[in-house]
Amino acid sequence: MATEQEERGALIVFEGLDRSGKSTQAKRLVEKIINSGRMAVLQAFPDRQSPVGEMIDRYLRGEIDMDEHALHLLFSADRFLKKKMIKQHIAQGVDVVCDRYCYSGVSYSLAKGLPEEWVRVTDQGLPKPDIVLFFQVSPEVAAARGGFGNERLETAELQAKVGKIMPTLRDDAFWKSVNADGTPDAVEKEVFQLYKELDRSQPLEVLEKI
Ligand code: Z5A
Ligand code: MG
């Protein structure tokens with residue numbers, strides 16, 4: 001546990017559309033935090049290495065089919081299985097950087113037409129992020145970063161729907177927009193500035209509403 005003098009870790013979440021650069025910048029942030037003398041870990045969701053994440057991965061790669069409700073619950077379960085790890089790290093002063101979180105879960109499932117009230121409750125009880133870095137990329141810039149890959153959800157139609165839904169989940173109390181159109185170095189600078197402004201004075205909260 002962090003002593004009274006030590007600051008707790010922070011829960012930092014990267015969200016945004018496909019190819020906005022989340023994975024690139026989440027990795028860079030962890031390196032930058034460690035170089036600055038703190039400890040940090042990176043957690044991607046889905047965690048394709050875990051047993052639950054492996055099922056999700058097989059679905060995304062088109063190897064297996066799955067009921068959409070079951071898939072939504074697997075994405076949520078994948079996060080809940082990391083809840084203890086996240087809380088322990090934060091109590092020990094380690095920053096946890098998440099590449100996607102429940103806001104991807106809610107946005108993609110709503111875009112597929114699952115019932116809104118149900119979709120919004122399955123992640124309640126997770127640790128609440130201290131900050132959501134919302135990567136905003138313009139469609140032209142995202143398109144210039146290469147076409148969609150071969151995964152099941154990488155279609156222009158679904159991405160357009162997600163692009164309309166995700167901003168509606170925004171909570172100005174802890175969401176910060178990042179201009180993801182810039183060069184990797186410019187985005188890194190903006191992200192690190194927001195990181196440095198984090199307030200760790202209050203205990204980590206529980207996510208009650210999405
Ligand atoms: N999903 C869901 O349905 N429910 C859930 O609960 C969760 C996820 C958590 C897999 O996610 C799918 O699961 C995803 C959402 C759904 N569906 N789709 N589509 P994923 O996170 O594994 O997806 P990904 O493969 O990592 O792609 P991504 O996240 O969309 O990309 P990104 O991480 O935002 O971008 P990147 O990989 O960092 O960069 C993309 C490319 O652009 C790459 O070639 C970079 O070198 C380049 N790049 C990055 N930044 C820049 C800048 N600044 N300038 C120029 N080029 C750049
Ligand atoms: Mg990514």
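1. The radius of gyration used here is taken over C-alpha atoms, and the globule rule is 2.2 Å times the number of residues to the power 0.38. For the 210 residues of this chain the rule gives a compact globule a radius near 17 Å, and the chain has 17 Å, so the two agree. Along its principal axes the C-alpha trace spans about 50 × 35 × 30 Å. Please keep in mind throughout that this is a predicted model.

2. The chain contains nine helices and five strands. Read from the N terminus, the order of elements is β-α-β-α-α-α-β-α-α-β-α-α-β-α. Of the 210 residues, 34% count as buried. Taking contacts between residues at least 6 apart in sequence, 83% join residues at least 24 apart.

3. Val187, Val191 and Tyr195 are buried in α9. Viewed down the axis of α9, the buried residues fall within an arc of 80 degrees, so they line one face of the helix.

4. Ala186 deserves a separate line. Ala186 sits in helix α9 and counts as exposed because it has 12 C-beta neighbours inside 10 Å, where the cut-off for exposed is 12 or fewer. From Ala186 to Gly146 the separation is 40 residues in sequence and 20 Å in space, C-alpha to C-alpha.

5. Helix α4 (residues 83–91) can be read in the same manner. Its buried residues are Ile86, His89 and Ile90. They cover an arc of only 95 degrees around the axis, which puts them on the same side of α4. The buried residues of α4 pack against β1, β2 (39–44) and β3 (94–99). Just after α4, Gly93 takes a positive phi of about 85 degrees.

6. What surrounds ligand 1? The shell has 24 residues, and the closest are Gly21, Ser23, Thr24, Gly105 and Tyr108. By class, the shell around ligand 1 is made up of eight nonpolar, nine polar and seven charged residues. Helices α1, α5 (102–111) and α9 each supply at least two residues of that shell.

7. Two residues other than glycine have a backbone worth checking by eye. Arg19 has a positive phi of about 60 degrees although it is not a glycine. Arg19 is in the loop between β1 and α1. With 22 other C-beta atoms within 10 Å, Arg19 is buried, because burial requires 20 or more. Arg100 is not a glycine either, and its phi is positive, near 80 degrees. Arg100 lies in the loop between β3 and α5. Arg100 is also buried, with 22 other C-beta atoms within 10 Å.

8. One peptide bond should be noted. The bond from Phe45 to Pro46 is cis, with omega near 0 degrees. Pro46 belongs to the loop between β2 and α2 (51–60).

9. Ala143 is in helix α7 (residues 139–144). Is Ala143 buried, exposed or partly exposed? Ala143 is partly exposed, because 13 other C-beta atoms lie within 10 Å. Ala143 and Gly53 are 90 residues apart in sequence, and their C-alpha atoms are 28 Å apart in space.

Methods:
Residues are numbered from 1 along each chain as its sequence is written. Chains are lettered from A and ligands numbered from 1 in the order in which they are written. This is a predicted model: local features need pLDDT of at least 70, side-chain atom pairs count only at pLDDT 80 or more; totals for chains, interfaces and linings use all residues. Helices (H or I, at least four residues) and strands (E, at least two) are DSSP runs, numbered from the N terminus. The arc is that of the directions from the helix axis to the C-beta atoms. A residue is near a molecule or strand if its C-beta atom, placed from the backbone, lies within 6 Å of it. Ala, Val, Leu, Ile, Met, Phe, Trp, Tyr, Cys and Pro count as nonpolar, Asp, Glu, Lys and Arg as charged, and the others, Gly among them, as polar. Two residues are in contact if their C-beta atoms, placed from the backbone, lie within 7 Å.
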